[in-house]
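Open the model in your viewer and keep the selection tool ready.

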Amino acid sequence: METVKAVRIGRALAEANLIIIGTSNGFDMAEGLNLFCADAHFRETYGDLAQTDGIGRILQGLASPDANVRRRWAERFHQKEYLEYEPSPLMNGLRHLTEHADTFVITCNINGHFARAGFNVNRVLETEGSIRSSIDERRLAHPDALAAAQLEELARLVQAHRNGRVAILELGVGLRNGVIKRMLAQIANACEHATYIVFNYSQAMAPDASCETILVDGDMAPAFEEVVRCRL
């Protein structure tokens with residue numbers, strides 16, 4: 001990423017009073033967790049279960065039609081991806097760049113990484129549930145009652161900062177994830193001075209919002225490192 005663009009992003013984040021973070025599977029992949037393929041992490045962490053259950057990727061295990069298989073995979077996923085999770089340089093960089101402001105996270109990822117990394121759990125809306133609160137696959141498919149209170153908090157923050165400086169970070173959200181994209185665009189349109197920043201690999205597209213946009217197409221982790229360096 002060009003230094004000029006990294007400086008622009010760093011400035012937008014530094015000046016923001018409110019930062020909204022939206023993440024999907026692309027963020028997980030940038031941290032090294034891929035639910036969709038049998039990569040080295042899958043083989044090392046789930047290889048024994050994969051062989052026993054005939055499973056070829058993490059998501060297949062978590063969504064197996066066999067309840068016993070689902071339970072085994074959910075328990076292993078909870079242990080390895082939540083309890084044993086250590087924040088990646090990408091996650092640490094994100095904390096460093098946002099900790100000065102009111103921050104709210106909207107994510108469809110179910111691994112609970114933001115809670116483990118120290119983000120305020122009352123401001124982390126996990127739209128598809130979370131392994132941190134349940135290993136019951138039925139609950140993982142539906143956000144718990146906390147979501148209503150979190151949505152109220154999000155609305156309060158947007159209202160409080162709508163005339164201030166707002167930065168929206170869309171991190172690895174695929175084109176098919178309309179829920180998160182629509183929420184972020186609505187927030188951008190509701191705020192007078194919003195900057196919308198997109199990090200994505202081959203899918204960095206401007207949102208349907210009337211605000212300043214900065215698009216970063218490529219590997220998220222090194223791009224974030226460049227932004228952090230420019231902020232030091």
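Select H10, residues 178–190. Gly178, Ile180, Lys181, Met183, Leu184, Ala185, Ile187 and Ala188 are buried there (under 20% relative accessible area, exposed being over 50% and partly exposed in between; 1.4 Å probe, protein chains only). Helices (H or I, at least four residues) and strands (E, at least two) are DSSP runs, numbered from the N terminus.

This is a predicted model: local features need pLDDT of at least 70, side-chain atom pairs count only at pLDDT 80 or more, and totals for chains, interfaces and linings use all residues. Residues are numbered from 1 along each chain as its sequence is written, and side-chain values use heavy atoms, with hydrogens and water left out.

Now show the neighbours of H10. Its buried residues pack against strands S1 (18–23), S2 (102–107), S3 (124–126), S4 (165–171) and S5 (193–200), and against helix H9 (146–161). Contact means heavy atoms within 4.5 Å.

Next, select H1, residues 3–15. Ala6, Ile9, Gly10, Ala12 and Leu13 are buried. Looking down the axis of H1, these buried residues fall within an arc of 160 degrees, so they line one face of the helix. The arc is that of the directions from the helix axis to the C-beta atoms. Partners of the buried H1 residues include helix H6 (89–98), strand S6 (212–217) and helix H11 (220–231).

Finally, select the cysteines. How many disulfides are there in the whole structure? The search finds zero, a disulfide being a pair of cysteine sulfur atoms within 2.5 Å. Cys37 is partly exposed, at 29% relative accessibility. Its closest cysteine sulfur, in Cys108, is 17 Å away, too far for a bond. Cys191 is buried, at 7%. The sulfur of Cys191 is 9.1 Å from that of Cys211, the closest, also too far for a bond.

Note on methods: Expected span 1.5 Å × (residues − 1).
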